[in-house]
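These are my notebook entries on a predicted model.

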Amino acid sequence: RNLGRPSVRSLNHLMRSHRCSAGRHHRVINNKKRMLERNTMMIITAVMTLMMPLLLVVSAFNTSPQSSSSSVSNRVKSVNYFISRECNYKCKFCFHTQKNTNKLGIGNAKLGLQLLQHSGTEKINFAGGEPFLNPQVLGELCQFAHSECGMAVSIISNGSLIKSEWMDRYGQYVDILGVSVDSFDPATNALIGRGTGDTTKNQHVSRVLKVRELCAQHGILFKMNTVVCSLNHREDMNEYVTTLDPYRWKAFQCLILQGENAGGVNDLNDARELQVTREEFDAFIQRHSEQSALIPEPNTVMQNSYLLLDEELRFLDCSENGKIPSQSILEVGVERALSQAGFDDDMFQKRGGIFEWTRDRGDSNDSSILK
């Protein structure tokens, strides 16, 4: 009568056997995944090693006979690489908007870093978009730039996605971590688009304080970036800035670029109402003039004095109030692409573009810096 029904004892035995079998199965799968990841990285490294001489030949072939390698190395000492346009914030004045979600594979991105290294780049700044939307890619690039290319490494972030686990693993490779801080008022941050639009729940300031603590714990130099616009130009930030004690504090005049934030047909943003006059910008700077870390950059200083690489490793020429991409450095080398960048090297020097950008890698700072 009960021949078709297993006993409770046999069911328990079958379940235990199944769990053991499943555990062995998962371990086998995990081992295979780890082996695949290791093999993939070995293949990428081998391909990079084989391709690098060819890319250097291409770069040399595309070098202008009128220029010297020393002049190129002097111009590419500091480069900003937008690894992706993806972002989780919707800042209304942003001039590098999410027009696509493209990003290079890790192998090509590392090849680009090697090309920059061979051309003389000493510091790489990873930005976006929000670079921490791609935390593993960002971490691997930081590690590669520091350990394999000998570059100083900095990051510009909105601070919302920086995790202590990421800092524990990759913080050792980062020299400077910059966070965008446009206001210490939740309502203003909500109007700008930093974080949630709900003024009662905007957490941007608390996130900035958390990042500052993480930087102190890991011995990373903390930097602040502020865009001075019509929504914040009257704000007095002195008390908060003194508490945060940044290594550098960049204050930028709100910049309009065609094709990005000028309100055109193909623009994702319209920041024209957020513009401030030079007099309003200067008044903001004067109000904070006792802050020793403050570095003011009006439009005339900022617009063409940064070397910008987009998600395809193309330099962006902003000299005509827009963004015109060069050919990719992976295709024509750094020298040829640099000639299409519209870069103002003199202004780069005048604004203090070269500074002490490597942190002390001794003991970490006091983690209780915010008191």
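**Entry 1**

For the largest cavity I noted a volume of about 50 Å³. I then listed the residues that line the largest cavity: Tyr 81, Ile 83, Ser 84, Lys 103, Leu 104, Gly 105, Ala 109, Asn 134, Val 137 and Leu 141. Sorted by class, this lining comprises six nonpolar residues, three polar residues and one charged residue.

**Entry 2: Helix 3 against helix 4**

I next examined helix 3, residues 106-119, and helix 4, residues 135-147, which pack at an angle of about 30° with their axes 10 Å apart. Because of that angle, I recorded helix 3 as roughly parallel to helix 4. The crossing of helix 3 past helix 4 is right-handed. On the side of helix 3, I found the contact to be made by Ile 106, Ala 109, Lys 110, Leu 113 and Gln 114. Helix 4 contributes Val 137, Glu 140, Leu 141, Phe 144 and Ala 145 to this contact. I counted seven nonpolar, one polar and two charged residues in the contact of helix 3 with helix 4. I also cross-checked the cavity: its lining includes Ala 109, Val 137 and Leu 141, and these three residues take part in the contact between helix 3 and helix 4.

**Entry 3: Helix 3 against helix 11**

I then turned to helix 11, residues 329-338, whose axis comes within 10 Å of that of helix 3 and crosses it at roughly 20°. Helix 3 and helix 11 are therefore roughly parallel to each other. I noted a right-handed crossing for helix 3 and helix 11. From helix 3, the contact draws on Asn 108, Leu 111, Gly 112, Leu 115, Leu 116 and Ser 119. From helix 11, the contact draws on Ile 329, Leu 330 and Val 334. By class, the contact of helix 3 with helix 11 holds six nonpolar residues, three polar residues and no charged residues.

**Entry 4: Backbone geometry**

Which residues does a cis peptide bond join? I found that this bond joins Gly 128 and Gly 129, with omega about 15°. Gly 129 is located in the loop between strand 2, residues 123-127, and helix 4.

I also looked up phi and noted that Asp 245, although not a glycine, has a positive value of about 50°. Asp 245 sits in the loop between helix 8, residues 238-244, and strand 6, residues 248-253. I recorded both items because most residues other than glycine have a negative phi, and most peptide bonds are trans.

Note on methods: Residues numbered from 1 in each chain as written. Predicted model: local features only at pLDDT ≥ 70, side-chain atom pairs only at ≥ 80, totals over all residues. Heavy atoms only, no water. 1 Å grid on protein atoms, 1.4 Å probe; cavity = no way out; pocket = protein on both sides within 12 Å on 5 of 7 lines; lining within 4 Å. Points joined across faces, edges and corners; volume = space filled by probe spheres on them. Nonpolar A, V, L, I, M, F, W, Y, C, P; charged D, E, K, R; others polar. Axes fitted to C-alpha atoms, helices over the stretch in contact; angles between N-to-C directions. Helix = DSSP H or I, 4+ residues; strand = E, 2+ residues; numbered from the N terminus. Parallel < 35°, antiparallel > 145°, perpendicular 65-115°, else oblique. Left-handed = near helix turned anticlockwise from the far one by under 90°. Contact = heavy atoms within 4.5 Å.
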